[in-house]
Amino acid sequence: MEGISWDFFSLVRGIIGILVVILVAYALSDNRRRVDFRLVGIGLTLQLVFALSIIYIPFFSRILELGGAAFVKMMDFTSAGLSFLLGPYAAKTNGFIFLVHSLPIVIFFSALISLCYHWGIIQKIVGAFSWLLRKFVRISGAEGLVTCGNVFMGMAEAPVLIKNYVPTMNRSEIFLMMVAGMATISGGVMGTYVGMLGGDDPAARVLFAKHLLSASIMAVPGAVVVAKLLCPQTERIVDRPSSRSGEEGRRGNTLEAIASGASTGVKLMINIAAMLLVFISLVAMANYILKDLIGSWTGLNEWIVAWTDGRAEGLTFQFLLGVVTAPFMWLLGVPSEDLFLVGSLFGQKTILNEFVGYFQLQEWRAAGLFAYEKSVVMATYILCGFANIGSIGILLGGLGVLAPEKREIISRLGVRSLIGGSLVSLLSATVVGMLMG
């Protein structure tokens with residue numbers, strides 16, 4: 001896999017990519033006249049400053065690396081529990097097994113996050129991020145709190161931080177909450193992605209943990225930019241106090257918090273395993289029809305393999321998604337040799353889910369199909385988010401319970417929030433790719 005040296009053309013393509021994402025959001029805006037371009041500019045500047053810091057300033061890069069290393073160390077602690085439960089079957093001597101070595105991390109991280117929430121650690125960190133965010137962009141305290149909360153919690157859990165204020169939030173505030181949920185990932189599943197991408201390589205696990213942490217943080221200002229472009233603030237901002245809004249969800253004692261988090265983690269692990277089994281099986285069925293039947297009978301398989309220099313196996317579901325999205329990936333700055341691969345991953349994430357996307361990324365990376373490391377990094381950022389069709393149902397169900405009177409507004413914003421979350425991930429990937437060269 002080759003590296004890419006920085007050049008002017010790469011910078012130009014990155015700028016074009018940023019403009020394309022902004023123009024798409026602006027074109028889909030429901031009130032273009034009320035777009036606050038000052039807020040958009042500040043949000044983009046925050047993303048650029050953060051990306052520049054982690055790529056070119058050793059101090060900030062080292063902080064993220066330490067955070068990634070700490071994250072990986074927490075993952076290693078899961079091995080002790082697995083060894084007790086599975087004995088010699090927990091060893092990786094026979095290779096990395098996703099069901100055994102990656103999914104159980106969800107349970108431990110879910111319990112750990114629940115414990116930190118019970119102790120008030122999560123609330124303090126989220127509150128600090130929220131305070132910093134509101135210093136730069138004009139959003140309410142409730143918006144800032146839930147947007148930052150999505151970095152650590154899931155799209156269904158983060159709104160609980162402000163559940164007392166959701167019924168009184170206006171349309172633009174609700175939409176930002178939904179986009180932030182789509183554009184970020186929870187701490188509970190981040191360990192699964194790291195384990196999936198890094199496998200047995202400690203250095204690779206730290207690297208991907210660093211990029212996933214970076215992607216989640218960059219998604220915060222990105223969500224503000226895209227959400228306020230798609231659904232501008234037209235009503236007066238009411239800066240509601242939100243410092244005590246997360247206290248009601250705390251458990252009675254430490255053991256109860258751990259048990260509750262572990263129980264949630266078990267449900268999440270089973271849900272992830274079931275989704276992967278079903279979706280990967282459906283893709284295999286689609287590929288049988290497309291490749292083994294249609295592609296084989298028509299001779300398209302051989303032509304596609306030759307046309308893509310072996311990066312595609314033939315007329316597959318992944319290839320079709322890559323063809324559809326490749327032009328857009330070029331505008332975002334993805335290296336030409338990897339357009340179909342990265343485009344296909346984006347399509348799989350949106351139609352299926354990000355777990356399938358990361359699983360496919362790991363397989364293609366292990367097979368050496370990517371020509372450039374930059375493509376792998378950009379794909380990591382593109383996939384980092386819950387923006388898929390299934391997540392619309394999760395948002396509607398979770399927020400509908402918190403604010404039944406807002407259910408009609410929430411349902412109307414479902415598809416737009418999916419678009420917004422996808423644009424945020426693409427924006428972060430474009431910024432990072434542009435600065436990588």
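Biologist: Why does lysine 374 count as buried?

Modeller: In this predicted model, lysine 374 has a relative accessibility of 7%. The cut-off for burial is under 20%, so lysine 374, at 7%, counts as buried.

Biologist: What makes leucine 82 count as buried?

Modeller: Leucine 82 belongs to helix α3, residues 58-86. Its relative accessibility is 11%; buried means under 20%, and leucine 82 therefore counts as buried. The C-alpha atoms of leucine 82 and proline 104 are 8.0 Å apart, although 22 residues separate them along the chain.

Biologist: Why is phenylalanine 175 called buried, and which residues does it touch?

Modeller: Its relative accessible area is 0%, against a limit of under 20%, so phenylalanine 175 is buried. This residue lies in helix α8, residues 171-183. Leaving aside residues up to four places away in sequence, phenylalanine 175 touches Ala227, Leu230, Cys231, Leu413, Arg416 and Ser417. With one of these, cysteine 231, the separation is 56 residues in sequence and 7.1 Å in space, C-alpha to C-alpha.

Biologist: How do you know whether asparagine 353, in a loop, is buried or exposed?

Modeller: Asparagine 353 is found in the loop between α14 (339-351) and α15 (354-366). Its relative accessible area of 2% is to be set against the cut-off of under 20% for burial and over 50% for exposure; asparagine 353 is therefore buried. Its contacts, residues up to four places away not being counted, are Met275, Phe279, Gln348 and Asn388.

Biologist: What is the size of the largest nonpolar core, and which residues have the most contacts inside it?

Modeller: The largest nonpolar core holds 123 residues, and Ile162, Met329, Tyr358 and Leu361 have the most contacts inside it. Helix α10, residues 202-230, gives the most to this core, with 16 residues. In soluble globular proteins, nonpolar side chains tend to be buried together. Beyond four places in sequence, leucine 361 touches Leu197, Leu345, Phe370, Val376, Ala379, Thr380 and Leu383.

Biologist: How do helices α1 and α13 pack, and what makes up their contact?

Modeller: Helix α1 (residues 8-27) and helix α13 (residues 317-331) pack at about 115°, and their axes are 7 Å apart. Phe9, Arg13, Ile16, Gly17 and Val20 of α1 meet Phe328, Met329, Trp330 and Leu331 of α13. By class, the residues of this contact are 7 nonpolar, 1 polar and 1 charged.

Biologist: How many helices and strands does the protein chain have, and how do you know how compact it is?

Modeller: The protein chain has 19 helices and 0 strands. Its radius of gyration is 21 Å, close to the 22 Å from the globule rule for 437 residues, so the chain is as compact as a globular protein of that length. The C-alpha trace spans about 65 × 60 × 45 Å along its principal axes.

Definitions and conventions:
Residues numbered from 1 in each chain as written. Predicted model: local features only at pLDDT ≥ 70, side-chain atom pairs only at ≥ 80, totals over all residues. Heavy atoms only, no water. Axes fitted to C-alpha atoms, helices over the stretch in contact; angles between N-to-C directions. Helix = DSSP H or I, 4+ residues; strand = E, 2+ residues; numbered from the N terminus. Contact = heavy atoms within 4.5 Å. Nonpolar A, V, L, I, M, F, W, Y, C, P; charged D, E, K, R; others polar. Core = buried A, V, L, I, M, F, W, Y, C linked by side-chain atoms within 4.5 Å. Buried < 20%, exposed > 50% of the residue type's maximum accessible area, 1.4 Å probe, protein only. Rg over C-alpha atoms; globule rule 2.2 N^0.38 Å.
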